[in-house]
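Please look over the structure first.

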Amino acid sequence: LIYLAMIESGLNPKAYSRAHASGMWQFISSRARLQGLRVDWWIDERRDPEKATYAAARYLKELYERFGSWELSLAGYNSGEGRVERARKRRPGCEDFWCLDLPNETENFVPKFMAVVMIGRDPAKYGFQTPAPSAPLDYDTIHVDDAMDLELLADAAGASLDDMRSLN
């Protein structure tokens, strides 16, 4: 899954597209809500790396159950499952991603994903350095029932306001 987030957003939880998709997984608000994410004036869980990752995994599972193919599932993730279904109907007998007529962005998306997976499995083979592993982010999750002042929370947690903003 990490490779999908890599090509969708560069792993940036604050990424925002011209199509109004947001977060690492580039969910549009309607798809995010269908996957159980809260998107409103107060909160946008598309930008929550943990919740959005679970939502993306659920969505990909649904797509795979629908299409039975990872290539078609990735195409559906990129351009919507309705568009993939319509492309399949326009080409009776075509059950394969490679013979469908899809938007250029989607036609490039699946090969781009495959390329990123290949590079990720053996970066040196393709002229990339293997990055040194970084320590996992150390944080606690605390549920609050109402809006809270981040400066007050940062002070109570002994954290800087900048750290609190980046983790929030």
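Which residues in H3 meet which residues in H5? Tyr 59, Leu 63, Arg 66 and Phe 67 in H3 meet Glu 81, Val 84, Glu 85 and Arg 88 in H5. Contact here means heavy atoms within 4.5 Å. Helices (H or I, at least four residues) are DSSP runs, numbered from the N terminus.

This is a predicted model: local features need pLDDT of at least 70, side-chain atom pairs count only at pLDDT 80 or more, and totals for chains, interfaces and linings use all residues. Residues are numbered from 1 along each chain as its sequence is written, and side-chain values use heavy atoms, with hydrogens and water left out.

**H3 against H5**

- Helix H3 spans residues 49-67 and helix H5 spans residues 81-90.
- Their axes come within 12 Å and cross at roughly 15°. Axes are lines fitted to C-alpha atoms, for helices over the stretch in contact, and angles run from 0 to 180 degrees between N-to-C directions.
- That crossing angle makes H3 roughly parallel to H5. Angles under 35 degrees count as roughly parallel, over 145 as roughly antiparallel, 65 to 115 as roughly perpendicular and the rest as oblique.
- The H3 and H5 crossing is right-handed. In a right-handed crossing the near helix is turned clockwise from the far one by less than a right angle; anticlockwise is left-handed.
- The residues of the contact of H3 with H5 divide into four nonpolar, no polar and four charged. Ala, Val, Leu, Ile, Met, Phe, Trp, Tyr, Cys and Pro count as nonpolar, Asp, Glu, Lys and Arg as charged, and the others, Gly among them, as polar.

**H4 against H6**

- The axes of H4 and H6 come within 9 Å and cross at roughly 125°.
- H4 and H6 are therefore oblique to each other.
- The crossing of this pair, H4 and H6, is right-handed.
- From H4, the residues Glu 71, Leu 74, Ala 75, Asn 78 and Ser 79 take part. They meet Glu 105, Thr 106, Phe 109, Val 110, Phe 113 and Met 114 in H6.
- The residues of the contact of H4 with H6 divide into six nonpolar, three polar and two charged.

**H4 and its burial**

- Eight of the ten residues of H4 are buried, so H4 is largely enclosed by the rest of the structure. Buried means under 20% relative accessible area, exposed over 50%, partly exposed in between (1.4 Å probe, protein chains only).
- The buried residues of H4 are Leu 72, Ser 73, Leu 74, Ala 75, Gly 76, Tyr 77, Asn 78 and Ser 79.
- They pack against H1, H3, H5 and H6.

**Ser 73**

- Ser 73 lies in helix H4, residues 70-79.
- Ser 73 counts as buried because its relative accessibility is 0%.
- The side chain of Ser 73 reaches the backbone nitrogen of Tyr 64 at 3.2 Å. A polar contact is a pair of N or O atoms within 3.5 Å; within protein, one must be able to donate a hydrogen and the other to accept it, and residues adjacent in sequence count only if both atoms are side-chain atoms.
- Not counting residues up to four places away in sequence, Ser 73 touches Leu 60, Leu 63, Tyr 64 and Phe 67.

**H1 and Ser 9**

- Helix H1 (residues 2-9) has Leu 4, Ala 5, Ile 7, Glu 8 and Ser 9 as its buried residues.
- The buried residues of H1 pack against H3, H4 and helix H6 (104-121).
- Ser 9 is buried, with a relative accessible area of 14%.
- A polar atom of the Ser 9 side chain lies 3.1 Å from the backbone nitrogen of Leu 11.
- The side chain of Ser 9 also reaches the backbone oxygen of Met 24, at 2.8 Å.
- Leaving aside neighbours within four places in sequence, Ser 9 is in contact with Ala 15, Gly 23, Met 24 and Gln 26.
- Gly 10 follows H1, and its phi is positive, near 70°.

**Positive phi in the loop**

- Most residues other than glycine have a negative phi.
- His 20 is not a glycine, yet has a positive phi of about 70°. His 20 lies in the loop between H1 and helix H2 (29-34).
- His 20 is exposed, with a relative accessible area of 51%.
- Gln 26, also a residue other than glycine, has a positive phi near 55°. Gln 26 is placed in the loop between H1 and H2.
- Gln 26 counts as buried, at 14% relative accessibility.

Technical notes: Helix = DSSP H or I, 4+ residues; strand = E, 2+ residues; numbered from the N terminus.
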